[in-house]
Amino acid sequence: MSDSYRVTATQKTTASLIKLEDHSTVSAFFPRKFKPICGDRVTIEQAKGEHKIKSIDKRCNSFCRADNRGRKQHIAANVDQIMIVMAVKPAPTRDILNRYLVTAELEGIEPILVFNKSDMDDQVFINLINQYEQLGYQVFKTSKKEAASITAIKPLLADKTTVIVGQSGVGKSSITRVMMPTVELKTGKLSAKTGKGAHTTSVTQMYHYEPLNAFIIDSPGVWEYGLWLMTPHEIAHGFREFQTLLGQCKFSNCTHIHEPQCAIMAAVKAGRIRDSRYQSYLRIVDSMKYWG
Ligand SMILES: Nc1nc2c(ncn2[C@@H]2O[C@H](COP(=O)(O)OP(=O)(O)OP(=O)(O)O)[C@@H](O)[C@H]2O)c(=O)[nH]1
Ligand SMILES: [Mg+2]
Ligand SMILES: [Zn+2]
């Protein structure tokens, strides 16, 4: 049996790998058609005195986003959890959290919500935190100035692969650094002009943190997180509190937008689904027209 490796980073024709048995690292080249991504499990062989990726295991799941034409772009593979980081500044864009959650629900990735920079304002996120806790999500309020608020998340990372996502400048790398002090990460300053992040992390990179046996994937921040072309049915499935009602609408192909006897709209009316979440669902469905 050949040894098992995971991809920690990719360059044009080579990938950095970590050997799962002893956590040693190697570099291996790959044919272009392979398209390995961070988190992939691979086997390697020797070719002309170099390491070469021989095979990529079928992915359990992957964290994806839309490319600029609405196609599904795979970012990280075989992930157990997604840590969605938001901050007081830059403030989250309107539907960004729900869009991340749609991906998480569809791919079977457990979300961890982190509201960071509470030192700048302790109040702004109180309502959101309550709402998402009520939906059953794990929610944390953090500040890099209060290490305990971040170390509280650490136990969740043990023995898991966690991808950390969020807008540029929200503090993804800063949080990772507090949780895993021995791992070397880059962090940057917010641009004084725009208050936006400076895109400090430029490539997706997986780190292994020995004390927790945790794999952490730090990804470059985005201004906006876009979902690839999806059907209303897929998007509705991405809203956790809709799931038990799907299938109870009069029409099996109900889009929950205008149809009579829609179980989702009835639940919104009755206050069992929060209107802000339903409005966000409508906007996300509507946003798919850009890929049309
Ligand atoms: N006040 C305050 N500043 C923070 C906190 N966390 C991070 N920052 C600052 O925010 C800036 C951006 O932090 P990073 O950790 O680089 O952000 P990032 O999310 O990794 O950004 P990208 O790599 O560009 O995606 C840095 O100047 C950090 O020092 C916090 O809890 N409070
Ligand atoms: Mg970063
Ligand atoms: Zn419906």
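How many bridges join strand S11 to strand S13? Four, and the two strands run parallel. The model is predicted.

## The sheet

S11 covers residues 161-166 and S13 covers residues 214-218. Across this pair, Thr162 stands opposite Ile216 in S13.

Both strands belong to an open sheet of six, ordered S10-S9-S8-S11-S13-S12. Its pairing is mixed. Strand S10 (138-141) and strand S12 (205-209) stand at the edges. Each has a single partner strand, so one side of each is left without a neighbour in the sheet. From one strand to the next, the twist averages 25 degrees.

## Helices on the sheet

Helix H1 lies across strand S8 (81-87), strand S9 (110-116) and S11. Its direction is at about 180 degrees to S8. Helix H2 (residues 126-134) also packs on the sheet, where H2 touches S9 and S10. The direction of H2 makes about 160 degrees with that of S10.

## Helix H1

H1 has 12 residues, 96-107. At 1.5 Å a residue they should span 16 Å; the end C-alpha atoms are 17 Å apart, which agrees. H1 is mostly covered, with 11 of its 12 residues buried. Among them are Ile96, Leu97, Tyr100, Leu101 and Val102, but also Asn98, Arg99 and Glu105. Gly108 follows H1, with a positive phi near 70 degrees.

## Lys289

Lys289 sits in the segment after helix H7 (275-287). Its relative accessibility is 51%, so Lys289 counts as exposed. The Lys289 side chain makes a polar contact with the side chain of Asp286, at 2.9 Å. Leu229 is 60 residues from Lys289 in sequence, yet their C-alpha atoms are 8.8 Å apart in space.

Technical notes. Residues numbered from 1 in each chain as written. Chains lettered and ligands numbered in written order. Predicted model: local features only at pLDDT ≥ 70, side-chain atom pairs only at ≥ 80, totals over all residues. Heavy atoms only, no water. Buried < 20%, exposed > 50% of the residue type's maximum accessible area, 1.4 Å probe, protein only. Polar contact = N/O pair within 3.5 Å; in protein donor to acceptor, adjacent residues only side chain to side chain. Expected span 1.5 Å × (residues − 1). Pairing = 2+ DSSP bridges. Axes fitted to C-alpha atoms, helices over the stretch in contact; angles between N-to-C directions. Contact = heavy atoms within 4.5 Å.
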